[in-house]
Amino acid sequence: MLVVGSTSTTLVRRCSSQSSTTLLASIRRSSRDMKFSTLTVAAFCLSAHANAFTAMAPAPRFGMQTSLKMSTEVATDKMAALATAANEARGLAMDSIAAAHSGHMGLPLGAAEIGSVLWGSQMKYNPKDPTWINRDRFILSAGHGSMFLYSWLNIAGYDLPLDEVKQFRQHHSMTPGHPEFPSSEHNTPGVEATTGPLGQGVSNAVGMAASEKMAAAVYNTPEHTIFDHHIFTLAGDGCFQEGVSAEAAAFAAHEKLDNLIVLYDANEVTLDKMAEYTQSEDIIKRYDAYGWETFDIDGHDLKLVEETIAKAKASDNGKPKFIKCNTIIGKGMEETEGTNAAHGEAGVPYVEKAKKNIGLPDGEKWFVSEGTREFFTDIQKKNKADYDEWQSTFDAWKAANPELAEQLNNAVHDKTIGAEAMIKDIPELKSGAEATRVSQYKAIQHVSRLVPHYVSGSADLHGSTRNYIDGAGNFGAGFDKSYSGKNLYFGIREHAMGSILNGFAYHGLFKISGSTFLVFVDYFRATLRVAALSELNRVSYILTHDSIGVGEDGPTHQPVETVSGLRVIPNLDVFRPGDAEETVAAMVHSVTREDGPTALIFSRQNVKQNDAMPYMERREGALKGAYIAKKETEDLDIIIIATGSEVQHALDAAESLPGARVVSMPCMELYERQSEDYKESVLPSSCTKRIAMEAGVTGLWYKYASKVVGVDRFGFSAPGDIVMKELGMSAENLSKEISSM
């Protein structure tokens, strides 16, 4: 790639003879003293290459200071309209960030042309129906640039009023610091995913693309196409440095998700330094190697951006699309553009000057011209016509496929028969001593039958985690796979699996679970946290081999701190059942919960069944988070609380204690949501002599008990029963501890 010379003559010659991509890259690689402003570049390049720089010179535009409409000739110029909208989106971002004295200005200014093309030309959407099931999805993976998204949602006609844009990062506004998926905390139409942790959004997009492929395979018919949309995501250098994006990219290419279009905002800047300080890879070659179709373009050339995205959409070649959009971070703000200072709010002092430089009215804040509003009104009319045509097709499809239509309606609205009905519909398992992972395998077959839009997958551990849905087929491309398969194979990619699961949940058509060994959950803990704060009830996590009972594999595979580590995540239900019937309740809860995700914790080793108690009572009790598993036969003297595989030890220890009550507590969080009367009936405040037992760290149990028998150290390699006994997880040791109270 040639380096731009220091004279204007050289610049003019290269503007006319080279692509804008080469020019921009050359400029960025010149010394900082030689850095050209984009306005200078525009002046030299206007006659050589018609692109979005034209909107930054004193060229015709919609938003004149007098707010008069442009002439008919200019109003019909789509490229001019898109260029004007790009600059006005820049203005919205600058004004909101300046008002908040907080935010990230670099991306909204640098990627404005990309947004203009997406919402003004290439995306299929209806802002009046932001949850339309066949809309294109857009995820801002670089969530720190959230004013990019809010600006475009307002301009494109979504129900995001300008007053809310003005309240950027303020309490109770619809424009939080990073995009947040609609929940009880925020409801911003057009936000498709919670993003901010870099790499997550671009990986969520892979999950959305897989979900769309699955929906098309399940619901489309030869006569009617219901699903044929694309998934777009805009990501920056940080997203591609995070390893999760690499895992997800490999999965996307392997499963041929050609409905996925990733737009790389390649501005060669990270927060601390210029990107070259920490990266030197050729990202295009990397994505070529994964098996993606790649493009390398000038991200400010509106015509080229539009042509490339249109080509990517039209290409059904089995390859996801990666478009490297070479951009200038903070474009339009001479003092910071092209440097790492442009990333955040360092440009706030220069906002008014920058707005004037790009042709916005002097002194007018949050300006969007009538011409831009009219242009996007026309876009809305065009999109509405496409939407209405789809609705006609959808109506015909429903008439021709009533059963499938009912299934889809239930999937879209996440309807199930409810927990109480579901536990009654699943027959008694009648299990002997068995691992709860095995009980889960039995239960998941019934859950899949009762919830047709439930699917599941594993990070290369189906044989151990036992969450395979029999007879449901395998998802993907090649081999024995199809896109209608309910079993997903993620490979050894736990972090990507977590992000893809969330992507399925965001997409809003399927419930999904993913499995691995519990000890590996920290590989994707960040995704559980985001799912919990986003209230993603459509996702659950099947985590097996839950304690030191794993045995011979040793402490690297024996979780002791992990369950408690999950319990401290707000809004994540952590369910560790003690026998087969509690496992049924756990699985049912995971697919009927309405306000958040569930982590399901299952044992490798066998556990005894509490057959002294009717199976339905165990299920009903487990659905309350805690219940009396064995009632005292004399005056209440002591309460023994246990969970998971330790419930059997509590029951055994209580056999010789007529005043002992055993409380099984498979889910602390669910118990805490019960009425005060119910909680008092299970753990009466009058009985303070309490002991708890779990094969893990003890800290959280002191909320319920004055003494805890647990494992506050790492385990060791030996057969599981020996490890358990040596570390005190036995009825004998529990009895000894009780006798000392």
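F510 is buried, at a relative accessible area of 3%, where buried means under 20%, exposed over 50% and partly exposed in between (1.4 Å probe, protein chains only). This is a predicted model, in which local features need pLDDT of at least 70, side-chain atom pairs count only at pLDDT 80 or more, and totals for chains, interfaces and linings use all residues. Residues are numbered from 1 along each chain as its sequence is written, and side-chain values use heavy atoms, leaving out hydrogens and water.

The structure holds 31 aromatic pairs. Rings of Phe, Tyr and Trp (its six-membered ring) pair if their centres lie within 6.5 Å; planes under 30 degrees apart count as stacked, over 60 as edge-to-face and the rest as tilted. Here are two of these pairs:

| Pair | Centre to centre | Angle between planes | Type |
|---|---|---|---|
| W119 and F138 | 4.9 Å | 65° | edge-to-face |
| F504 and F510 | 6.3 Å | 65° | edge-to-face |

F504 is buried too, at 0% relative accessibility. W119 belongs to helix 7 (residues 112-122) and F138 to strand 1 (residues 137-140), so their pair ties together parts 19 residues apart in sequence. Helices (H or I, at least four residues) and strands (E, at least two) are DSSP runs, numbered from the N terminus.

Ring pairs also link W132, Y219, F227, Y387, W390, F394 and W397 into a cluster.

Now to a sheet: five strands form an open one in the order 14-16-15-17-18, with mixed pairing; two strands pair if DSSP finds at least two bridges between them. Strand 14 (627-630) and strand 18 (707-709) stand at the edges with a single partner strand each, so one side of each lacks a neighbour in the sheet.
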